[in-house]
Amino acid sequence: MKECREVEPLKAPYVDGEAGAGERSAVDSHLARCGRCRDEVANERAARDVLVARRAELRASAPEHLKARCAAHATHEATAVSPPRARDAATPIRPPLPIYRRWVPMSLAATLVLAIAGVFGFGLTEKSQALAFQMTIDHVKCARFAGPAGHVDAGVEEQRWAATYGWPLRVPRSKSEATPESPIRLRGLRRCVVTDGRVAHLIYDWDGQPVSVYVLPSDQLDRAAEVERFGHDAIMWSQNGRTYVVLARSNRRPEFDPVVQYVKANVY
Amino acid sequence: VRPEGDDPFTAEALSYVDGLYGAALRLTRRPADAEDLVQDTYLKAFRSSSQFERGTNLKAWLFTILHNTFLNMRRHDGRNPVDVDSEAVEQAADLRPSQHTPEQLLTRATLDADLQAALDSLPEAFRQAVWLRDVEEFSYAEIAQMMQVPIGTVMSRISRGRRMLYEKMAKARVAG
């Protein structure tokens, strides 16, 4: 005769009809003399029956825009990496490593340098330094994950952002082809994961080089600041209840100023 | 650009987007977070497609990535799912049998909103085990691999999760 604790792990396969003959017999025998377990099995079966009966309704349908984005990831990866190759059948399935352990070597090296330098190089005592550090890490990572290098519509992204995250965001307009008046092309808008989703991350293309614009929904800085760290320039300021950080590599610093001015002129 | 339809891996992977989104919704309970989770899952899957062993269960592989990605998100939130589970196990042990018959429960559960709310109120580990089993129809072994726990633990979580769900719906019936 099995005790209640011995029967416990057998209840699910018993209810599901997947218990072996011996296990089923043992559970039947126990239930015949244990009213509590009998009630539990009956309740478990009732809940299971409800779920199975409502399975079709419970299965959600993913929004069309999500399907489109996922398909876009496939297309983007198809152009960026070699086609999949079959593995040895004896090799077990192994899920991919966490995203931050799988950056290509250059990104990994750069990020590790950033992280180590950030901790030991300076104390992150000032908010502008902390922002620059955090955003630069995110920029280095996400520039490679920004999806297809196409052009997306700023107005559509604004509406999607407001509807999804509940706070309005002004996205500087851009054209499908950059011009002197509009030097950057919008590639995408995402939540910045590094900052727990509270920050909007606009990703632009500037002559083949990524430019990030981060928008925080609060005033974080008493005064504007420019921070140059690890080969990247972060220009940041707070205005109208928002904090903005424009970030790109430092290799074209003089030419970067018009880009920053363009962003400043179009985020309000 | 390689068209989606020319790549069986991509086409099959994308066919599971509804299931992944449903599971992500149950995990995160927020549509925006669920969308992010599904996107991250596909991004990782496509980048790691060479690691997938052809002929094995692609759906289970994708759900495993989804689960791992969610755990990483949780770690960034500073919460520890193990602590939640331990607490929930203690709570589950205190459940008392409901006075409602299974037939009454089935009648009550005709409302999707009630059922969804009851599901969402389950502790995470139990919610996920029950969902993967009863809605997504995975085997115990597949769930054990996804959640990286012993198969006995999976069976126990499914069983306890279903009973908790029953009690939640029974209470909703009283409240209603």
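1. A crossing of two helices is called right-handed if the near helix is turned clockwise from the far one by less than a right angle, and left-handed if it is turned anticlockwise. In this predicted model, helix α2(B) passes helix α3(B) in a right-handed crossing.

2. Two packed helices are described by the angle between their axes and the distance between the axes. Helix α2 (residues 17-28) and helix α3 (residues 31-47), both of chain B, pack at about 130°, and their axes lie 8 Å apart. The two helices α2(B) and α3(B) are therefore oblique to each other, because an angle counts as roughly antiparallel over 145 degrees and as roughly perpendicular from 65 to 115.

3. Residues of α2(B) in the contact include Val17(B), Leu20(B) and Tyr21(B), and those of α3(B) include Val38(B) and Tyr42(B). By class, this contact of α2(B) with α3(B) has 11 nonpolar, 1 polar and 2 charged residues.

4. Val38(B) and Tyr42(B), together with Leu165(B), have the most contacts inside the largest nonpolar core, which has 62 residues. Helix α4 (residues 58-77) of chain B gives the largest share of this core, 8 residues. Among the residues that Tyr42(B) touches are Ala13(B), Leu14(B) and, from chain A, Cys70(A). A second, separate core has 28 residues, including Tyr165(A) and Trp237(A).

5. Is Pro210(A) buried, partly exposed or exposed? Its relative accessibility is 22%, so Pro210(A) counts as partly exposed; buried would mean under 20%. Pro210(A) is in strand β3 (residues 209-216) of chain A. Arg187(A) is 23 residues from Pro210(A) along the chain, and the C-alpha atoms of the two are separated by 9.2 Å.

How values were computed. Residues are numbered from 1 along each chain as its sequence is written. Chains are lettered from A and ligands numbered from 1 in the order in which they are written. This is a predicted model: local features need pLDDT of at least 70, side-chain atom pairs count only at pLDDT 80 or more; totals for chains, interfaces and linings use all residues. Side-chain values use heavy atoms; hydrogens and water are left out. A nonpolar core is a set of buried Ala, Val, Leu, Ile, Met, Phe, Trp, Tyr and Cys residues joined through side-chain atoms within 4.5 Å. Buried means under 20% relative accessible area, exposed over 50%, partly exposed in between (1.4 Å probe, protein chains only). Helices (H or I, at least four residues) and strands (E, at least two) are DSSP runs, numbered from the N terminus. Contact means heavy atoms within 4.5 Å. Axes are lines fitted to C-alpha atoms, for helices over the stretch in contact, and angles run from 0 to 180 degrees between N-to-C directions. Angles under 35 degrees count as roughly parallel, over 145 as roughly antiparallel, 65 to 115 as roughly perpendicular and the rest as oblique. Ala, Val, Leu, Ile, Met, Phe, Trp, Tyr, Cys and Pro count as nonpolar, Asp, Glu, Lys and Arg as charged, and the others, Gly among them, as polar. Lists of a residue's contacts leave out its neighbours within four places in sequence.
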